Amino acid sequence: MKWQGNRKSGNLEDRRGMGSKGKLVAGGGVVAVIVILLQLFGGETGQQLAPLIEQVGNSQSSQQVEQRELTSEEQKMGDFMSTILAYTEDTWSQVFRENNLGTYKEPKMVLFTDAVSTGCGNASSASGPFYCPADQKLYMDLAFFDELKTRFGAKGGDFAIAYVTAHEVGHHIQTLLGTSSKVRQLQSQASTTEANRLSVAQELQADFYAGLWAHYNKQYLEAGDIDEALSAANAVGDDAIQKRTRGSVNSDSFTHGTSQQRKEWFMKGYNSGDIRQGDTFSALLN
């Protein structure tokens, strides 16, 4: 993806290099994998993610903060993330203006390593990338993208990172438009299966928004970028994850959608460029 030399966002908060000493989360990598599987691209509803974040965060011992210099590669990744965030700001300001949705309120993005304090509670890197509606911030531990390749089989690449970022910004759009609060209200009155279906619709809409963002940024795309996004979407479909971890698939427990659904809704956003075509709730629940 083309990004070097372009505008960087003023809404990036880089907390990397502010590590800690002390015990790791109880259970180590096993807990990390479980949390990632359950909450991949999560945090969008706040109420769903916050208790889990608190549980993981509270299982850590008191830790002593230490600070180090970022490497040149880490600094470069920070510049990349800041530029991608700026792209989302420009896109959604335009989309809101074109569709009479009011003034777009920009979210902030926090880059962190190991653990972070959020408006939704304390989080470890095991939570994966997430959006916290309580403080309207995106939280990203960039080590996740190594997991996406090595553990989940995605191709990787800079546009895979951009897709995940755009997906989390999609949850911010849902917060601004009132979608997230409506989903929480409906889920509180629904059965577990119906609540999961609402979650799937919400996640797929965030994928649609990520595709819509890509549509508005075609001038920055390079050969293979869309394939990277589709590979990431395919890797984190509920069916793909369940097959890999359980050996079987239970559609009633889906919370994010199948690999095929995630790819289809991303491409619908990308091909249409029309926010009005992103009603995943009517498409999936009626």
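Contact here means heavy atoms within 4.5 Å. I sorted the residues of this α7–α10 contact by class and got 9 nonpolar, 6 polar and 4 charged. My classes: Ala, Val, Leu, Ile, Met, Phe, Trp, Tyr, Cys and Pro are nonpolar, Asp, Glu, Lys and Arg are charged, and the others, Gly among them, are polar.

A note on what I'm looking at: this is a predicted model, where local features need pLDDT of at least 70, side-chain atom pairs count only at pLDDT 80 or more, and totals for chains, interfaces and linings use all residues. Residues are numbered from 1 along each chain as its sequence is written, and side-chain values use heavy atoms, with hydrogens and water left out.

Next, the geometry. Two packed helices are described by the angle between their axes and the distance between the axes. I looked up α7 (residues 192–215) against α10: their axes come within 6 Å and cross at roughly 40°. Axes are lines fitted to C-alpha atoms, for helices over the stretch in contact, and angles run from 0 to 180 degrees between N-to-C directions.

α10 has another partner to check. Helix α8 (residues 225–235) and α10 (residues 259–272) have axes that come within 8 Å and cross at roughly 145°. I noted a right-handed crossing for α8 and α10 too. From α8, Ile226, Ala229, Leu230, Ala233 and Asn234 touch Ser259, Arg262, Lys263, Phe266, Met267 and Tyr270 of α10. That contact has 7 nonpolar, 2 polar and 2 charged residues.

Then I moved to α3 (residues 72–98) and α5 (residues 158–176), which pack at about 45° with axes 10 Å apart. That angle makes α3 oblique to α5; under 35 degrees would be roughly parallel, over 145 roughly antiparallel, 65 to 115 roughly perpendicular, and the rest is oblique. On the α3 side I listed Met77, Phe80, Met81, Ile84, Thr88, Trp92 and Phe96, and on the α5 side Asp158, Ile161, Ala162, Thr165, Val169, Ile173 and Leu176. By class, this α3–α5 contact holds 11 nonpolar, 2 polar and 1 charged. α3 passes α5 in a right-handed crossing.

Thr258 sits in the loop between α9 (238–245) and α10. I wrote Thr258 down as buried, because its relative accessibility is 17%; buried means under 20% relative accessible area, exposed over 50%, partly exposed in between (1.4 Å probe, protein chains only). Its C-alpha atom is 8.9 Å from that of Val200, 58 residues apart along the chain.

Asn100, in the loop between α3 and β4 (108–111), has a positive phi near 55° without being glycine. Asn100 is exposed, at 71% relative accessibility. Asp114 also has a positive phi, about 80°, and is not a glycine. Asp114 lies in the loop between β4 and β5 (115–118) and is partly exposed, at 38%.

Last, the whole protein. I counted 11 helices and 8 strands, taken as DSSP runs numbered from the N terminus (helices H or I, at least four residues; strands E, at least two). Of 286 residues, 52% count as buried.

Conventions: A crossing is left-handed if the near helix is turned anticlockwise from the far one by less than a right angle, and right-handed if clockwise.
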